[in-house]
Amino acid sequence: MRCEACSSSSLCARYGPVSTTAPSRSSLKSRPSFFYFFNCKPSISCSTNRPTDSSSSSSSLSTSSYSRRWYNPLRRRQLDEAPDIERHWVEADQPPLASLERFTVASYNILADRNASWHKDLYSNVPYSYMNWDRRKRLICKELIGWNPDIICLQEVDKYFDLSDMLATAGYLGSYKMCNAASRRLLIGNIHVLYNPRRGHVKLGQIRSLFSRAQNLSEKWGNAPAVLAGDFNSTPQSAIYKFLSSSELNVMLYDRRELSGQRSCHPAQVLGLKQQFSSPLKSIDGLLKDCWTDEEIKVATGKTTCNIAVHPLKLNSSYATVRGSLGTRGSNGEPLATSYHSKFLGTVDYLWHSDCLVPTKVLDTISIDVLQRTGGLPCKDIGSDHLALVSEFAFTTPTNVGINAAT
């Protein structure tokens with residue numbers, strides 16, 4: 001694939017001819033876009049910004065004083081007993097309209113080293129050595145190279161987004177052309193939605209903004225099909241997930257602080273270690289759900305006079321379409337968990353696709369019991385606090401769909 005064009009309000013990586021030999025280390029520099037391509041298997045290939053203190057951290061690990069300082073018998077046992085992580089491809093029933101032209105997309109929140117340093121309380125159960133960026137980077141590269149996807153969408157690449165400009169910097173879009181099929185064009189979107197669970201109106205605004213731009217770019221390229229990947233920081237049971245799958249949401253029916261569903265996913269609650277309790281303040285919160293300000297409504301819906309947030313795309317989730325095992329999937333087909341740390345255990349990552357595409361297989365996630373045995377992510381075999389999602393897609397449309405009518 002190669003990039004053909006991008007929307008004026010987004011960033012897009014442009015590449016020359018793909019080499020059939022492994023790239024040199026000097027050519028693998030960080031790029032401004034979060035889209036990366038692998039048409040061969042390089043010896044080292046990680047598209048992340050190098051941390052400023054990586055050399056000092058790796059050298060300090062070898063000193064005896066450092067080892068004594070961080071020695072913890074419990075964590076030593078965790079290292080010895082860490083479960084082996086195995087992930088398997090799940091094949092879909094062969095769709096009757098699926099073409100032979102296929103491509104694979106990976107979406108991965110790789111946990112920026114800066115974020116890991118700022119939020120150490122989230123990884124209190126993780127052995128200290130597992131948090132070392134050089135180690136995590138090697139694991140992440142090993143995963144991505146092993147899956148050999150055509151397109152990689154990364155989140156948290158040590159790039160800081162100013163909250164005051166969040167809507168303008170929430171996501172990236174690019175239009176690409178199949179190398180071996182001149183008539184095939186594809187739209188790829190990558191987004192990392194704001195984390196803050198209380199700012200559901202901002203989450204809706206980010207998604208709505210990106211999807212609107214995606215629709216415009218798709219139409220520009222002859223209704224090109226789309227894959228929209230990312231960390232949406234919203235659970236499958238949430239109102240925002242309903243918005244993603246149904247294309248609209250009446251925001252006045254929900255408390256804006258509960259739109260993402262994140263606050264119901266503490267590991268102790270998910271694993272049944274702590275009973276949920278009702279607080280006297282909870283009923284008050286329910287009475288306040290209609291207290292949206294005009295500015296919050298405008299951010300969520302785009303208009304102060306409209307309570308309905310809408311987006312123009314008709315989307316399906318690849319993981320909800322290709323069902324996995326009972327140990328890894330919930331009732332709606334989505335993974336039970338794509339992220340795990342001391343304050344969250346649940347799913348926030350998705351691969352959404354338009355009707356002109358069909359998923360032919362997905363890389364299944366990990367069962368809750370195996371995740372629980374790790375004590376938290378990152379772990380021995382995984383370099384992030386998220387699991388990567390990987391899906392193969394096939395076109396279901398005639399070859400002339402996706403061509404700019406003016407071309």
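Modeller: Two residues are in contact when heavy atoms of one lie within 4.5 Å of the other. The model discussed here is predicted.

Colleague: Among contacts in the protein chain between residues at least 6 apart in sequence, what percentage join residues at least 24 apart?

Modeller: The chain holds 12 helices and 16 strands. Taking contacts between residues at least 6 apart in sequence, the share that joins residues at least 24 apart is 79%.

Colleague: How many residues of α6 are buried?

Modeller: Over the protein chain of 407 residues, buried residues make up 54%. Helix α6 covers residues 200–220 and is mostly covered. Of its 21 residues, the number buried is 16.

Colleague: What distance does α6 reach from its first C-alpha to its last?

Modeller: At 1.5 Å a residue, the expected span for the 21 residues of α6 is 30 Å. The model comes close to that value, with a reach of 30 Å.

Colleague: Are α6 and α7 roughly parallel or roughly antiparallel to each other?

Modeller: Helix α7 spans residues 239–246, and its axis lies 11 Å from that of α6. The two pack at an angle of about 15°. Angles under 35 degrees count as roughly parallel. The relation of α6 to α7 is therefore roughly parallel.

Colleague: Which residues in α7 does α6 meet?

Modeller: The crossing of α6 past α7 is right-handed. The contact residues divide into six nonpolar, one polar and two charged. From α6 come Gly200, Lys203, Leu204, Ile207, Arg208 and Phe211, and they meet, in α7, Ile240, Phe243 and Leu244.

Colleague: At roughly what angle do the axes of α6 and α10 cross?

Modeller: Helix α10 takes in residues 294–301, and its axis comes within 6 Å of the α6 axis. On the α6 side the contact is made by His201, Val202, Leu204, Gly205 and Arg208, and on the α10 side by Glu296, Lys298, Val299, Ala300 and Thr301. Those residues divide into four nonpolar, three polar and three charged. The axes cross at roughly 30°.

Colleague: Does Ser354 count as buried or exposed?

Modeller: Ser354 sits in strand β14, residues 349–354. Buried means under 20% relative accessible area. Ser354 has 13% relative accessibility, so the class is buried.

Colleague: How far apart in space are Ser354 and Leu228, C-alpha to C-alpha?

Modeller: Leaving aside residues up to four places away in sequence, Ser354 touches Pro225, Ala226, Lys314 and Leu315. Leu228 is 126 residues from Ser354 in sequence, while the C-alpha to C-alpha separation in space is 8.7 Å.

Technical notes: Residues are numbered from 1 along each chain as its sequence is written. This is a predicted model: local features need pLDDT of at least 70, side-chain atom pairs count only at pLDDT 80 or more; totals for chains, interfaces and linings use all residues. Side-chain values use heavy atoms; hydrogens and water are left out. Axes are lines fitted to C-alpha atoms, for helices over the stretch in contact, and angles run from 0 to 180 degrees between N-to-C directions. Helices (H or I, at least four residues) and strands (E, at least two) are DSSP runs, numbered from the N terminus. Ala, Val, Leu, Ile, Met, Phe, Trp, Tyr, Cys and Pro count as nonpolar, Asp, Glu, Lys and Arg as charged, and the others, Gly among them, as polar. The expected span of a helix is 1.5 Å times one less than its number of residues. Buried means under 20% relative accessible area, exposed over 50%, partly exposed in between (1.4 Å probe, protein chains only). Angles under 35 degrees count as roughly parallel, over 145 as roughly antiparallel, 65 to 115 as roughly perpendicular and the rest as oblique. A crossing is left-handed if the near helix is turned anticlockwise from the far one by less than a right angle, and right-handed if clockwise.
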